[in-house]
Amino acid sequence: MKNTRNTYYICLIILFITFIASVGIGSVPISPMITVRLLTNQILGIGVIDDIPATMADILMKIRLPHAILMLLTGAALSGSGAAYQGLFRNPLADPFLIGVASGAGLGAVVAMSINWPTNLIGMYTIPLSAFVGAIITIFLVYQFSRVGKRLPMASLILAGVAISSFTNAITSLLMLQSKEEVHRALSWLFGGGAVSGWQPVLAMFPYLLIGAVCLVISGHSLNVLQFGEEQAQQLGLSVDKAKLLVIFAASLSTAAAVAFAGIIGFIGLIVPHLIRLLWGTDYRHLIPLSILGGGSTLLIADLLARTLFAPQILPVGIVTALTGAPFFLWILRRVKAEGT
Amino acid sequence: MTKKMIEITSLDASYANRQILYNISLDINAGEILALVGPNGAGKTTLIRTLTGVLPYTRGRIKIDGTDFGTLNHNKRSRYIAVVPQARDLPPFFTVYQTVLIGRTPYLNWLGQPGEKDHQIVKNALKLTQIDDLAGRLVGDLSGGEQQRVLLARALAQDASIWLMDEPTTNLDFHHQSHFIDVVKRLIEEKQLAVLMVVHDLNLVGCYANRVAIMHQGRVFTCGKPKEVLTEDNLSYVFNVPVQIITHPETGAPIVLPDGHNGLEKNILQERNYVN
């Protein structure tokens, strides 16, 4: 176990650097100095910004900043819930995308959007709720199908996840084809792993993510105890059912809120917790908050690559995470097989 | 007068409509090891699981230190009863210290944040089980004997007065087996623990247990001091194989041997209608 406090500092510093870079880099470059000055001026009201062109301030405040925050929150949510699912299922390959929860949430979100495309913030708040229902139904189905007696074999969890996400993705595509032209375009972008822009989605997802994150962080100790198996956990005095329900609720809510506005982005929830386990160690009380911080920076970096690699063309960020995440998945699979667990 | 930590009266228990335990009555006193022996499938592990509340019982009564078992929730039970499982059930990626700290679970608040007192108890448990030098190591990197001592330390940290041990020495070699039992014996004396231990090695029972209960087909076949209970008749019948008992030249403990004269013994058993 390495020094915990320093690990938090390092994660926070990386998050700060990636955030400033993400806000600054784009078709109109904004230097880090100007970015920091603009941000402190606009948010805290400190300093004079007369020498900075107004268009630059506009780009920063209306486009770059909400987009960066959306990516940060999404990465944090997916990675935190990935760590929680891995602990809950005692399966290092569990990830909101791979076990089908993200697709289920996506279907829920698309159902809500195709019934009524949200035009205001109140309408936007309903989308994560519908996505949450989709996520909960999916996780229940995946659990039921992959369970063998009281055990949850690693392969069957992923297989059930793949099957159910193919199924829900098919329904999602059908619904999108039936929808109106402009809704259709928005949805295909979103579910290719793109994001909705502007401040409204950020505001709409934030309360859900806050609730989810708080519940995930307080579940850290329960997840530690659950690593000994449900029977030992109960003998150690844990209310196993309550603890599991809280984790499922929190992880699914976070995933749902992220997917509703940032689309289906795979592998973040796999890569980040795994790296933190390798570099720092396994203790869910810190693994979850560290994954939340690390997930934010990782998705910011992926998003930066998606926006700059083929500029001016912007790739859906899901493509970048899949390009790096899928090989990573195979690497973990080999490692796990070698350990024989 | 010895203190009864567990009183089991007329206990029945079932798994999914199949009754496993019939009319079990046993007491376990503070400061003693009650060994539970019997063939596979006799219900030993089921009895342990019933006593931890993992498996509900269908009839009878369990009293823990005078309190009715049914009135205790998980948290309260785990302050009375600690389970020492087999070491192969441990997650390999936690450190020794983390694993022992998990034993404090019944006493932690909803955030699971341990306090200074908890850390002190954990350090003490590591010292008593002589693994304080391993605190920072990963459990998966330890030997079987060391892992088993980690589980002892975890039970110590749990600060429970009753220990249930399910074949704790199965994966240990001869040296670690004796060492492990010595540590347990010392802890029992220091802490006046009541220990119920499922054991397969009948000679360990003879040397270390204060009393033995032999289980057979879901019932307590007999219960008493090792010398009285570990007899050729009892064991031959329950395990359905001829055995011979000799006496330890120094301690007088019964030593169980497989019988060398199969034919002769079988004749005797046939006369007594124990085998066909």
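Trainee: What percentage of the 341 residues in chain A is buried?

Mentor: This is a predicted model, so every value here is computed from predicted coordinates. A residue counts as buried if 20 or more other C-beta atoms lie within 10 Å of its own. For the 341 residues in chain A, the buried share is 50%.

Trainee: Is helix 13 of chain A largely enclosed or largely open, and how many of its residues are buried?

Mentor: Helix 13 covers residues 284-308 of chain A, and at 1.5 Å a residue its 25 residues should span 36 Å. Its end C-alpha atoms are 35 Å apart, which agrees. Helix 13 of chain A is largely enclosed by the rest of the structure, because the number of its 25 residues that are buried is 21.

Trainee: Leaving aside neighbours within four places in sequence, which residues is A:Met205 in contact with?

Mentor: With neighbours within four places in sequence left out, its contacts are A:Leu73, A:Pro128, A:Ala257, A:Ala258, A:Ala260 and A:Phe261.

Trainee: Is A:Leu203 buried, partly exposed or exposed?

Mentor: A:Leu203 lies in helix 8 (residues 199-218) of chain A. A:Pro66 is 137 residues from A:Leu203 in sequence but 9.4 Å from it in space, C-alpha to C-alpha. A:Leu203 has 14 other C-beta atoms within 10 Å, so its class is partly exposed.

Trainee: How do the residues of the side of chain A that touches chain B divide into nonpolar, polar and charged?

Mentor: The contact takes 20 residues from chain A and 22 residues from chain B. Helix 9 (220-226) and helix 10 (230-235) of chain A each supply at least two residues of the side that touches chain B. That side of chain A divides into six nonpolar, eleven polar and three charged.

Trainee: What percentage of the residues of chain B count as buried?

Mentor: Chain B has ten helices and twelve strands. With 276 residues, a compact globule would have a radius of gyration near 19 Å, and chain B agrees with its 20 Å. Of the 276 residues of chain B, the buried share is 41%.

Trainee: Which strands stand at the edges of the open sheet of four strands in chain B?

Mentor: The order of this sheet is 2-1-4-5, with antiparallel pairing. Strand 1 (residues 4-15) and strand 2 of chain B pair over eight bridges, and B:Ile8 stands opposite B:Leu26 in strand 2. Each edge strand has a single partner, so one side of each is left without a neighbour in the sheet; these are strand 2 (18-29) and strand 5.

Trainee: Which residue takes a positive phi in the hairpin of strand 11 and strand 12 of chain B?

Mentor: Strand 11 (residues 243-247) and strand 12 (residues 254-258) of chain B run antiparallel and are joined by five bridges. B:Gln244 stands opposite B:Leu257 in strand 12. The hairpin has six residues between the strands, and the residue with a positive phi near 80 degrees is B:Gly252.

Trainee: Is B:Asn73 buried or exposed?

Mentor: B:Asn73 lies in the loop between strand 5 (67-68) and helix 2 (74-80) of chain B. B:Asn73 has 10 other C-beta atoms within 10 Å, so its class is exposed.

Key. Residues numbered from 1 in each chain as written. Chains lettered and ligands numbered in written order. Predicted model: local features only at pLDDT ≥ 70, side-chain atom pairs only at ≥ 80, totals over all residues. Pairing = 2+ DSSP bridges. Contact = placed C-beta atoms within 7 Å. Nonpolar A, V, L, I, M, F, W, Y, C, P; charged D, E, K, R; others polar. Expected span 1.5 Å × (residues − 1). Buried ≥ 20, exposed ≤ 12 C-beta atoms within 10 Å, placed from the backbone. Rg over C-alpha atoms; globule rule 2.2 N^0.38 Å.
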